[in-house]
Amino acid sequence: MKIAYIVGGLPFGGIERWLYDLLLEYRRNGLVEGRVFNLSGTGDLMPQYLEAGLPVECVAGGLRAIVSYRLDTSLKLRALLKGYAPDLVHTVHFTGNHHGRIAALGLGIPVITHLRNTKRERGWNRRFSDKALSYATTLYLAVSKAVAEVVESDHNAARRPVRVLYNAFSPSRMDGEPLDMGAVYGLKGAVIVSVCRYVPQKNLDLLVRALRILRDGGKDVSLVLVGEGPERERLEALTRELGLGGHVVLAGFQRDVAPFYKAADIFAMPSDFEGFLIAMLEAMHCGLPSVVSRHVPLLEIASDAALVCRRDPADIAEKLGRILDDPALARSLSGAAKSIAERHTMRSYAAELFSIYQDVVNAEKKGR
């Protein structure tokens, strides 16, 4: 089965790593011939996709090409889709969902629109686009029940079917030895890790402030932020302001994140909104207890593996400190984390997603 995956770009992030792992799994099991259509032609993970031999077609040459009013981008994508002739189009990202559905209009190809976070669009143009293009959608796929609720309230004017499919991770990515935090970064004591893009929704500044509270309370603990993004300068300035040099590490983009999980004691993410949070699932596989905000929908299946914090430095510090001070609690959360993670591997996920693809394609054929 030929699937066209439409993305706005390939930056460092959970969506892009999910797609990378999914395509590798389909190459292994032979169920899907997938091709990525990168609308902007940009992204930190582009080299990794190409090195792995994953097929990527760049539709345009920059981020300006993917804004909603760029009909030329939709038309370029449409021409590429005609040439590829996929059995199904699978869109992700707002820009992928927007241009992908416009490009597929009238081609007779079913479209799965994949919604991956609970963010509610504020701009009237985006809200209108989401509702209008529901009529060009065959099926909505949501990564959690919380996301499915947003689909129904904010997107699904055409009342298309909505399926929930929890995300998955690839255990093979979690091989390898723990990073020596002392040798590489000079860190001692416990380590809190967060793996994400440095963007405002993640509230990484609250983690930095929580670390200051923990250290003021006498705890020998450091914070490692793995990722990259526009918040870097602000986080670096806050680290200096709070006198946390040597205890906060902005590790930047890392192709291999498993050594960071394996060297850490707690995973933390006090986000404003999320879709599922694959990084937390990976951390759980490595046995890490988590401290996350109630806005992380992975809690739908992983409440026994995490403590829920408010988006407040003092409360974040209290939850982190509770795990650091209570080895029995840490072991309980860690055991639950490993057990839950093993039920959400990419191998089983890819098979279930393929079954959904088959249902959609067969229903489309019957309806012709």
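Thr-345 has 15% relative accessibility, so it counts as buried. Buried means under 20% relative accessible area, exposed over 50%, and partly exposed in between, with a 1.4 Å probe and protein chains only. The model is predicted: local features need pLDDT of at least 70, side-chain atom pairs count only at pLDDT 80 or more, and totals for chains, interfaces and linings use all residues. Residues are numbered from 1 along each chain as its sequence is written, and side-chain values use heavy atoms, with hydrogens and water left out.

Where is Thr-345 found? Thr-345 is in the loop between helix H14 (327-341) and H15. Helices (H or I, at least four residues) and strands (E, at least two) are DSSP runs, numbered from the N terminus. Leaving aside neighbours within four places in sequence, Thr-345 is in contact with Ala-168, Phe-169 and Pro-171. Contact means heavy atoms within 4.5 Å.

## Helix H3

H3 covers residues 71-84. Its 14 residues should span 20 Å at 1.5 Å a residue, and its end C-alpha atoms are 20 Å apart, which agrees. The expected span is 1.5 Å times one less than the number of residues.

Which residues of H3 are buried? They are Thr-73, Ser-74, Leu-77, Leu-81 and Tyr-84. Seen down the axis, the buried residues of H3 fall within an arc of 95°, so they line one face of the helix. That arc is taken from the directions from the helix axis to the C-beta atoms. An α-helix has 3.6 residues a turn, so residues three or four places apart point the same way. The buried residues of H3 pack against strands S1 (2-7), S2 (33-38) and S4 (88-91), and against helix H4 (94-104). The face turned away from the buried side carries exposed Lys-82 and Gly-83. Just after H3, Ala-85 takes a positive phi of about 55°.

## Rings and charges

The whole structure holds five aromatic pairs. Rings of Phe, Tyr and Trp (its six-membered ring) pair if their centres lie within 6.5 Å; planes under 30 degrees apart count as stacked, over 60 as edge-to-face and the rest as tilted. Tyr-166 and Phe-276 have ring centres 5.6 Å apart and planes at 40°, so the pair is tilted. Tyr-166 lies in the loop between S7 (162-164) and H7 (181-185), and Phe-276 in the loop between S11 (266-269) and H11 (278-285), so the pair ties together parts 110 residues apart in sequence. Both Tyr-166 and Phe-276 are buried.

The charged end of Lys-2 is over the ring of Tyr-84, 4.5 Å from its centre. The charged end of Arg-116 is over the ring of Trp-18, 4.1 Å from its centre. The test is NZ of Lys or CZ of Arg within 6 Å of the ring centre and within 35 degrees of the ring normal.

## The cores and H11

The largest nonpolar core has 115 residues. Such a core is a set of buried Ala, Val, Leu, Ile, Met, Phe, Trp, Tyr and Cys residues joined through side-chain atoms within 4.5 Å. Those with the most contacts inside the largest core include Tyr-261, Met-280 and Met-284. Helix H15 (residues 346-367) gives the largest share, nine residues. Another core, of 14 residues, lies apart; Ala-4 and Ile-6 are among its members.

H11 is mostly covered, with seven of its eight residues buried. Among them are Ile-278, Met-280 and Met-284. Just after H11, Gly-287 takes a positive phi of about 85°.
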